[in-house]
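Take a look at the chain shown here. The report below goes from the whole fold down to single residues.

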Amino acid sequence: MTSLDTDAESVEATNLLYRYPALYDLVQSDSMSADLCQALIEQYSPDARTLVDFGCGTGRDLEILAKRFECIGVDLQPGMVDYARRIRPELDIRTGDMCTVRLGARMDVVTCVGNSLAYVHGNKEINQVFTTFAVHARPGTLLVLCSPIAPITRSEPTTATVSTPGGPATVTIRHEWDLRSQINTMHRRWILPTGDEAQDTIRRRVLFPRELERYAEEAGFEVLDMIDEAGDKPSGPFAYAVARYTRRRSGARA
């Protein structure tokens, strides 16, 4: 078993939606990530033609972006990639670890949204991810990220109803915050339409705004803006950061 398989299995085990990609697609159907990415690209790099999305999941956002750009998608989890290839066969989606993957191409736009970066917890590994972004960039390449920039610290659990193919499911969510590790843990308890229960535990690394800027700058990116989903100044917990690649790191290879 390779380290990639081990990491992929670990990530999949933490999240019910990753184990059921069709349900993931349904729950994420109202996401505006692709639209916001496209708006930021049009604002900062209107001539862009090629795009790579790291952590593309089921390819739902990539399908939208592929109407405008020549795209490649990369995801760690073979199950998500297999589903994406079956449901969206027209897309170029590949299995890979964004800490280490090398596609042999430099793109006009690099994206990493859907909290994919937040699943990388260690400082060394985060540096490796930004190196991956850099080796797939050329001077002027735009980087668009979505990541937690502040913790969710509310102590009271919240409950919501989620539509599924089998009927409504109920999910109760509770958050924990560990300042030392900067890990925000989300505990979810699901009551499925069948009456069965399921639980998952999702651990996300919070990168505070100046910290996110430092990782980007060390990899050769200049941060141009940071906004929330409404396009306003971020007030937490999530933000979109847009940056431009200004230099190639010594020895970096695509």
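## Contacts along the chain

Start with contacts between residues at least 6 apart in sequence. Of these, 63% join residues at least 24 apart. Keep in mind that this is a predicted model.

## Overall build

The chain holds eight helices and eleven strands. Its radius of gyration is 18 Å, close to the 18 Å that the globule rule gives for 254 residues, so the chain is as compact as a globular protein of that length. Along the principal axes, the C-alpha atoms fill a box of roughly 55 × 40 × 40 Å.

How much of the chain is buried? Buried residues make up 49% of the 254 residues. The chain exposes about 12,200 Å². Carbon and sulfur atoms supply 48% of that area.

## Charges

Count the charged side chains next. There are 29 positive and 35 negative ones. The centres of these two sets lie 5 Å apart.

## One side of a helix

Helix α8 spans residues 209–218. Which of its residues are buried? They are Glu211, Leu212, Tyr215 and Ala216. These residues cover an arc of only 140 degrees around the axis, which puts them on the same side of α8.

What do the buried residues of α8 pack against? Their partners are helix α7 and the strands β5 (137–148), β9 (197–205), β10 and β11. Just after α8 comes Gly220, with a positive phi of about 100 degrees.

## Backbone turns to notice

A cis peptide bond joins Gly236 and Pro237. Its omega is about 0 degrees.

The next loop runs between β4 (107–112) and α7 (123–135), and Asn115 has its place in it. Phi of Asn115 is near 65 degrees, a positive value in a residue other than glycine. Asn115 has a relative accessible area of 13%. The cut-off for buried is under 20%, so Asn115 counts as buried. Gln182 sits in the loop between β7 (167–178) and β8 (183–191). Phi of Gln182 is also positive, near 60 degrees, and Gln182 is not a glycine. With a relative accessible area of 15%, Gln182 is buried.

Helix α6 covers residues 78–87, and Met80 lies in it. Buried or exposed? At 1% relative accessibility, Met80 counts as buried. Leaving out residues up to four places away in sequence, Met80 touches Tyr18, Pro21, Tyr24, Gly57, Thr58 and Asp75. Gln128 is 48 residues from Met80 along the chain, and their C-alpha atoms are separated by 23 Å.

Ile87 also has its place in helix α6. Its relative accessibility is 43%, and Ile87 counts as partly exposed. Ile87 and Val52 are 35 residues apart in sequence. In space, they are 19 Å apart, C-alpha to C-alpha.

## A buried strand residue

Now go to strand β6, residues 158–164, where Thr164 has its place. Thr164 has a relative accessibility of 15% and counts as buried. Which residues does Thr164 touch, not counting those up to four places away in sequence? They are Leu23, Leu26, Ala169 and Pro193.

Trp177 is 13 residues from Thr164 along the chain. Their C-alpha atoms are separated by 29 Å.

## A buried loop histidine

His136 is in the loop between α7 and β5. The relative accessible area of His136 is 0%, and His136 is buried. Its contacts, not counting residues up to four places away in sequence, include Phe54. Val101, Arg102, Leu103, Gly104, Ala105, Arg106 and Met107 are also among the residues that His136 touches. Val110 is another one of them.

How far is His136 from Ala230? The two are 94 residues apart along the chain. Their C-alpha atoms are separated by 29 Å.

Definitions and conventions: Residues numbered from 1 in each chain as written. Predicted model: local features only at pLDDT ≥ 70, side-chain atom pairs only at ≥ 80, totals over all residues. Heavy atoms only, no water. Helix = DSSP H or I, 4+ residues; strand = E, 2+ residues; numbered from the N terminus. Rg over C-alpha atoms; globule rule 2.2 N^0.38 Å. Buried < 20%, exposed > 50% of the residue type's maximum accessible area, 1.4 Å probe, protein only. Contact = heavy atoms within 4.5 Å. Areas by Shrake-Rupley, 256 points an atom, 1.4 Å probe, with all protein chains shown as cover. Lys, Arg positive; Asp, Glu negative; His and termini not counted. Charge placed at Lys NZ, Arg CZ, Asp CG, Glu CD. Arc of directions from axis to C-beta.
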